[in-house]
Each structure stands twice: as C-alpha cells, then as structure tokens.
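Open the model in your viewer and keep the sequence panel beside it. We will go from stop to stop, selecting one thing at a time.

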Amino acid sequence: MDWNQQASSITNNGGRFDSRRGRISGPSVAQANFQDAAKADQVARAQQPAVDAATNRVNAELQREGLQQAGATQREAMRSEIDRGRLSLEQIAAGEKIRSNARIEAAQEAVMSAPTPEKQRAAQSRLLALMGKSENLKDRYVTVGGGTYVQDGQTVKEPTSIYDSTTQQWLRPPASSQPHRQPKIS
C-alpha cells in the first residue's frame, strides 16, 4: 500500500476526519441542521405579525370584558343603593302609617267614651282631621233664604240667614222676629 492510499483510507472512512472531496457532496449534518433551524426561524419571523395581531385581539377582548364587568358591578352597586334607599323610605312610611293608625284608634276610643255631646263632637272633629277628612260644611251650615214680605204696605227684603248645626247657633240671625220666618231645624 502506498502512503496516499493509506492516508485516503484514514480520511475517507466515514468518520469525522473524512474529507468531503469527491464522495460526499453538500453541507455536513451540523450545517444542515443549522440551515434548517435558520429556515424555521425565518418562517417563524414571517408569522410573528399574525401572532402579534392575534395576541392583541385577545388582550383587547380581555380588556373589553374587564370593562364590561366593572360597569356591571358599578350598575349593580347603584341599584343596590337605590333599593336600600327605597326600603328605608318604605320602612319610614310603614312606621308613620302604624303611628297614624294608633292615633286614629285613640281618637275613635275618645269619641266612644266622651262623657258629653260637646266632648264627643270635639273628639269626632279630631278623628276626622286625623283621617284627613273635614267636616262637611254643606251639611254643617244651613242657609235660610231671606226673601221679601209686605209689612204696613211696604215691601221688606230680608237677608239670608246662616245656621250652624254643629254649634246650634245662628251665624247671621234672621232680620225679623216673626214666628213664621224662623227656620225649622230638626
């Protein structure tokens, strides 16, 4: 064997010292791996804007959802505050109604147990006032038309008279004292 042949067999045996001349063409395994990684990096870099856009969309949706939930929370807090205020007003109104009913009941007892007609009328007036009713003035006051009559050949005009049926007194007594002109009160 000659030296060239021996040297050739040492370098061309498929080991790491092989010279690539002649028998093997192209890059080494490491170079091929590097080139593949570089191509994959280029593809990934080309896809990066699409990935960034998708990430931005997801982030925007998350922020929008967060704002919607915060708004819903604020609206619910306001509704709760309004409901608490409404409940407070209803409680106040219910308490006032209870107190008003108690006052009306006490006034009814006073009407029933009044010893004299005057005290009974006063208690009844108070009861009507508590109930938000007033005494019917149309029934309380009686008006008596004055009219005209002839006396000693002259026509006399008599003014209208008013009689208070509650106090049983004349507010504007009749002008004449003739018996036929007095109103009949029953």
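Before the first selection, one term: two residues are in contact when heavy atoms of theirs lie within 4.5 Å. Remember too that you are looking at a predicted model.

**Stop 1: the whole chain**

Show the protein chain as a cartoon. You will find four helices and five strands, and along the sequence they come in the order α-α-α-α-β-β-β-β-β. Of the 186 residues in the chain, 10% are buried. The accessible surface is about 15500 Å², and carbon and sulfur atoms account for 54% of it. Among contacts between residues at least 6 apart in sequence, 20% join residues at least 24 apart.

**Stop 2: colour by confidence**

Now colour by pLDDT. The chain averages 79, and 74% of the residues score at least 70. Where is confidence lowest, and where is it highest? Helix 1, residues 3-11, has the lowest mean, 53, while helix 2 has the highest, 92. Next, select residues 177-184, where the pLDDT is below 50. This stretch has 13 contacts in the model beyond near neighbours in sequence. A word of caution: where pLDDT is low, the predicted coordinates should not be read in detail.

**Stop 3: helix 2**

Select residues 29-112, which form helix 2. Helix 2 has 84 residues and spans 118 Å from its first C-alpha to its last, close to the expected 124 Å. Zoom in on Gln48 to find a kink of about 40°, shortly before the proline Pro49. Then highlight Gly71, Gly95, Ile104, Ala107 and Val111, which are buried residues of helix 2. What do the buried residues of helix 2 pack against? Their partner is helix 3.

**Stop 4: helix 3 and the core**

Move on to residues 117-130, helix 3. Its 14 residues reach 20 Å from the first C-alpha to the last, close to the 20 Å expected. Show side chains for Ile104, Ala107, Val111, Ala123 and Leu127: these five residues make up the largest nonpolar core. Helix 2 and helix 3 each supply at least two residues of this core, and helix 2 gives the most, three. In soluble globular proteins, nonpolar side chains tend to be buried together.

Which residues does Ile104 touch, not counting those up to four places away in sequence? They are Leu127, Leu130 and Met131. Just after helix 3, click on Gly132, which takes a positive phi of about 80°.

**Stop 5: two loops among the strands**

Select Gly145, in the loop between strand 1 (141-144) and strand 2. Is Gly145 buried or exposed? Gly145 counts as exposed because its relative accessible area is 53%, and the cut-off for exposed is over 50%.

Now pick Asp152, in the loop between strand 2 (148-151) and strand 3 (154-157). Asp152 has a positive phi of about 55° although it is not a glycine. For comparison, most residues other than glycine have a negative phi. Asp152 is exposed too, because its relative accessibility is 77%, and the cut-off is over 50%.

**Stop 6: strand 5**

Finish at Trp170 in strand 5, residues 169-172. With a relative accessibility of 27%, Trp170 counts as partly exposed.

How values were computed: Residues numbered from 1 in each chain as written. Heavy atoms only, no water. Core = buried A, V, L, I, M, F, W, Y, C linked by side-chain atoms within 4.5 Å. Buried < 20%, exposed > 50% of the residue type's maximum accessible area, 1.4 Å probe, protein only. pLDDT = per-residue confidence, 0-100. Areas by Shrake-Rupley, 256 points an atom, 1.4 Å probe, with all protein chains shown as cover. Expected span 1.5 Å × (residues − 1). Bend = angle between axes of the 7 residues up to and from the residue.
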